[in-house]
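Student: Could you walk me through this structure before I set up anything with it? I'd like to start from the overall picture and then look at a few details.

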Amino acid sequence: MARVMIECPSTGEPIFTGMTFDWPSFENVKIGQKQVRCSSCGEDHKWKRPDAYLDLSSHTKCIIFGRGCEFSEDLIG
Ligand SMILES: [Zn+2]
């Protein structure tokens with residue numbers, strides 16, 4: 001299972017949304033608008049699935065763009 005993360009709009013820091021999915025579930029799941037208390041800035045942020053990505057490991061992060069998966073060197077580290 002991988003943690004579902006979003007990016008804090010204020011600080012740009014990754015935030016754990018409290019949800020975990022494995023890949024097949026996350027690809028197919030229908031997530032409505034969610035709200036999470038930000039661990040970075042302390043505000044509540046609303047998010048939807050297109051905002052979210054799975055934190056697969058500390059070295060590889062995968063952003064979900066609707067259907068597919070795009071790996072970016074910028075996200076590594
Ligand atoms: Zn925040």
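Tutor: Gladly, and please keep in mind throughout that this is a predicted model.

Student: OK, and how many helices and strands does the protein chain have?

Tutor: The protein chain has one helix and seven strands, and along the sequence these elements come in the pattern β-β-α-β-β-β-β-β.

Student: What share of the residues is buried?

Tutor: Of the 77 residues in the protein chain, buried residues make up 13%.

Student: Switching to the strands, in which sense do β1 and β2 pair?

Tutor: Strand β1, covering residues 2-7, and strand β2, covering residues 14-21, pair in the antiparallel sense over five bridges. Within that pairing, I6 stands opposite I15 in β2.

Student: And what about the stretch between them, where does G12 come in?

Tutor: The hairpin of β1 and β2 has six residues between the strands, and in this hairpin G12 takes a positive phi near 75°.

Student: How far is W23 from L56?

Tutor: The two are 33 residues apart in sequence, while the C-alpha to C-alpha distance between W23 and L56 is 9.4 Å.

Methods
Residues are numbered from 1 along each chain as its sequence is written. This is a predicted model: local features need pLDDT of at least 70, side-chain atom pairs count only at pLDDT 80 or more; totals for chains, interfaces and linings use all residues. Helices (H or I, at least four residues) and strands (E, at least two) are DSSP runs, numbered from the N terminus. A residue is buried if 20 or more other C-beta atoms lie within 10 Å of its own, exposed if 12 or fewer, and partly exposed in between; C-beta atoms are placed from the backbone. Two strands pair if DSSP finds at least two bridges between them.
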